[in-house]
Amino acid sequence: SFCSFFDILCNCGIGKSTALDLAKRGARVILACRDKRRAEAAESGNNQVVFMQLDLASLESVCRFAETFLKTEPRLDILINNAGTCVLGSGRTKDGFGMAFGVNHLGHFLLTKLLLERLQQCGSSRVVTVAARLHCFGSIDFPLIDSEKDLVTGQSMCHTFKAYCNSKLCNVLFTRELSNRLEGTNVTCYCLHPGVIHTSLCRNFGLPHLLTPIAKLFLLDPNMGSQTTLYCALCEGIEPFSGRYFANCSVQQPSVKGQDDALAQKLWEVSERLISTS
């Protein structure tokens, strides 16, 4: 048996589909969600799927969650970092970071670091981070991070979209550097593009209700969208591809920036400084 958890609102989308699929396979699944009511919708009476409160927009909440988890759960074989917020507007986390940067990257970064020792104690274990193909449009401006605690400067929808792309590049670079740091251990890590999911698009970008039937013709449903996540979490024999980027259940090349080891290392070092001073 194994334990895994998901730091998203798991009542909908690929988080719910992934969690329920793993539970059907006999896994104990910890739903790490901000809202208990939404998590209960995914639990569906399954005693192998349980809720623990986590708000990735608060580093204090991440620390509390990790402390509770380590006290109550003896195993962690698969950690799935699956948050993908794309807040429309100038949202800030409780620690003052831009919302996409704080939730999609820094929250995952701290959470993984706090749980890494438990992962290493459980034999062959994995960290799976859901990125996006939009990372190809991303960039990292370190002076901007230092001055604004964010990946962009503006508050328009265009800036919000750019912040999302930048945060997904952070996911790819985080996975790359994590793999380098885990070399020689029993923990491997992967990032992935899940596909363009109908529910995520509607939630994050406000797809007009009248266009929903059309969208369903072209976009993946959540069950299909969870397949690459499940592949990275469960497929045997992919350990040599630790640190790599997957799409359509196969290894793919990320953007040129997503392959930059120096950029990945610097992002890691900057992220460690940010979480230690917040």
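Colleague: Is N166 buried or exposed?

Modeller: N166 is buried, at a relative accessible area of 1%; buried is under 20%, exposed over 50%, partly exposed in between, with a 1.4 Å probe and protein chains only. Bear in mind that this is a predicted model, where local features need pLDDT of at least 70, side-chain atom pairs count only at pLDDT 80 or more, and totals for chains, interfaces and linings use all residues. Numbering runs from 1 along each chain as its sequence is written, and side-chain values use heavy atoms, with hydrogens and water left out.

Colleague: Which helix is N166 in, and what does N166 touch?

Modeller: N166 lies in α6, residues 157–181; helices are DSSP runs of H or I, at least four residues, numbered from the N terminus. Leaving aside residues up to four places away in sequence, N166 touches F137, G138, S139, I140, L151 and V152, where contact means heavy atoms within 4.5 Å.

Colleague: Switching topic: how many disulfides are there?

Modeller: Zero, from a search of the whole structure; a disulfide is a pair of cysteine sulfur atoms within 2.5 Å. For C189, the nearest cysteine sulfur is that of C191, 8.2 Å away.

Colleague: And is C189 buried or exposed?

Modeller: C189 counts as buried, at 1% relative accessibility. C170 is buried too, at 0%.

Colleague: What about α4, where does α4 bend?

Modeller: At L114, by about 40°, taken as the angle between axes fitted to the seven residues ending there and the seven starting there. As for cover, 18 of the 22 residues in α4 are buried.

Key. Helices (H or I, at least four residues) and strands (E, at least two) are DSSP runs, numbered from the N terminus.
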